[in-house]
Amino acid sequence: RRSTDLPVRAFDFSLFKSRMSPRGDADDGKSVMAPMTDDYNKRNQSQSTVWKYAQPLFQRAVTDILSSRDGNGPVRVADWGCATGGNSVAPLQYVSSQVTKDGTNSQALEVLLGDLPQTAWSSLASTVTPKTISPTDAENTFVYMVGRSFYECCAPDLDLSYCLVAVHWMKSYPGDISSGLYATDPLHNTDPESLQAWKEAGRLDFAEFTQARYRELKVGGHFIGAVACPKENGDYPWSKVGIVIYLALQTKVAKAEDLAPCVLPCCWRTEEEVREGFENNDGWELQVCDFYQTKDPVRESLERTDISPKEYGEAVVEAFKAVCHHTCLGSLTKCTGMPVDKVEELLNDAYKESVDVIAADPEQYNLDVSFWYILAKRVK
């Protein structure tokens, strides 16, 4: 039967009920990562640049996987933290092109897409389809959705899994912060003890993440990741943009303490921390760990004078909203006790004020991103 419909796996919502579940709702009013907004695919230009540096890792991994397969069963690939699918298409199209390289249907391709149960699944379903992935072999391509924490084993017997621009979102929550939004960024978290507690939690979270990926893979399978890290100049991606929005929010709440639980639980990792996540398990072979920083495409548009500084400021704030709005909205609604529509109004006022600050100094407030690009193989 020829079909380009998207088969959907039943969600396991129970995995997201505990306080320690990553990227989900919290019952105690604290801030945990919430899903991207529906328009994330349009707003994620800076994140989408990772494919330029990830593609060689996919080439290396897929070549190795296909050369060592016995030809039995489908090639199984998973994207963990796929959001609304905008960053999933290019990697999956590449994998599909190699699986069906000879123009035959000798090997089926199974794709698993994992994200929050509350994510915009309809946007994902319309973005990542068998036809999109494999235009000439859609009937031999099967796509499934997995609503499960990527800090757990999400699927067995994978040939390849990857996580691009997602694992900086943490599972743990060591405590509120009273000076900013981003938990492991010293510009935002100025309390040395709190900062160290968050960084240690990030280290343990990453070890748990890599162990989950190890359990999923077949021996000989590969994992590819883009792990967020500080930029070449020591700044943290999106840091100064976050401070502008935080300062605007401070003027909107009744008391500053209301913002303390409004935390973006993100961890930017050093090379040592990334390597530790793999080298503590001798079943891994870490083959690549390379640093690259990419310029925000919207800022490049500004430099070409394709857009005005005001339009640039608006684009930066819209990108921030696409990633962080639901998280801030949820935590502020719970902690202030305000109706959700009032919190929406408060946040939108803060966003509007931030546009002019960013437009006045675009070089200072940019969305350049930096990552460790990693390729690891399960060798036993």
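**Note on the predicted model**

1. Among contacts in the chain between residues at least 6 apart in sequence, 83% join residues at least 24 apart. The structure is a predicted model. The chain holds 12 helices and seven strands. Of its 380 residues, 58% are buried. The accessible surface of the chain is about 15,200 Å², and carbon and sulfur atoms account for 48% of it.

2. Strand β1 covers residues 75–80, and six of its six residues are buried. In a regular strand, side chains alternate between the two faces of the sheet. In β1, V75, V77 and D79 point one way, while R76, A78 and W80 point the other way.

3. Which strands pair with β1? One is β2 (residues 109–114), which runs parallel to β1 and is joined to it by six bridges. Within this pairing, R76 has E110 as its bridge partner. Another is β4 (residues 158–164), also parallel to β1, with three bridges between them. Here V77 stands opposite L160.

4. Nonpolar side chains tend to be buried together in soluble globular proteins. The largest nonpolar core in this model has 76 residues. The members that touch the most others are F58, L160, L164, I224, L264, F320 and L347. Helix α11 (residues 309–336) gives the most to this core, with 10 residues. Another core, of 27 residues, lies apart from it and includes W80, C154, A166 and F209.

5. Beyond its neighbours within four places in sequence, L164 is in contact with V50, A54, F58, P91, I224, G225 and A226. Of these, F58 and I224 are also listed with L164 among the core members that touch the most others.

6. How many disulfides does the model contain? The count is zero. A disulfide would need two cysteine sulfur atoms within 2.5 Å. For C163, the closest cysteine sulfur is in C82, 9.9 Å away, which is too far for a bond. C163 is buried, at 1% relative accessibility. For C289, the closest cysteine sulfur belongs to C229 at 8.9 Å, again too far for a bond. C289 also counts as buried, with a relative accessible area of 7%.

Definitions and conventions. Residues are numbered from 1 along each chain as its sequence is written. This is a predicted model: local features need pLDDT of at least 70, side-chain atom pairs count only at pLDDT 80 or more; totals for chains, interfaces and linings use all residues. Side-chain values use heavy atoms; hydrogens and water are left out. Buried means under 20% relative accessible area, exposed over 50%, partly exposed in between (1.4 Å probe, protein chains only). Helices (H or I, at least four residues) and strands (E, at least two) are DSSP runs, numbered from the N terminus. Two strands pair if DSSP finds at least two bridges between them. Contact means heavy atoms within 4.5 Å. Accessible areas come from the Shrake-Rupley method with a 1.4 Å probe; for residues, only the protein chains shown count as cover. A nonpolar core is a set of buried Ala, Val, Leu, Ile, Met, Phe, Trp, Tyr and Cys residues joined through side-chain atoms within 4.5 Å.
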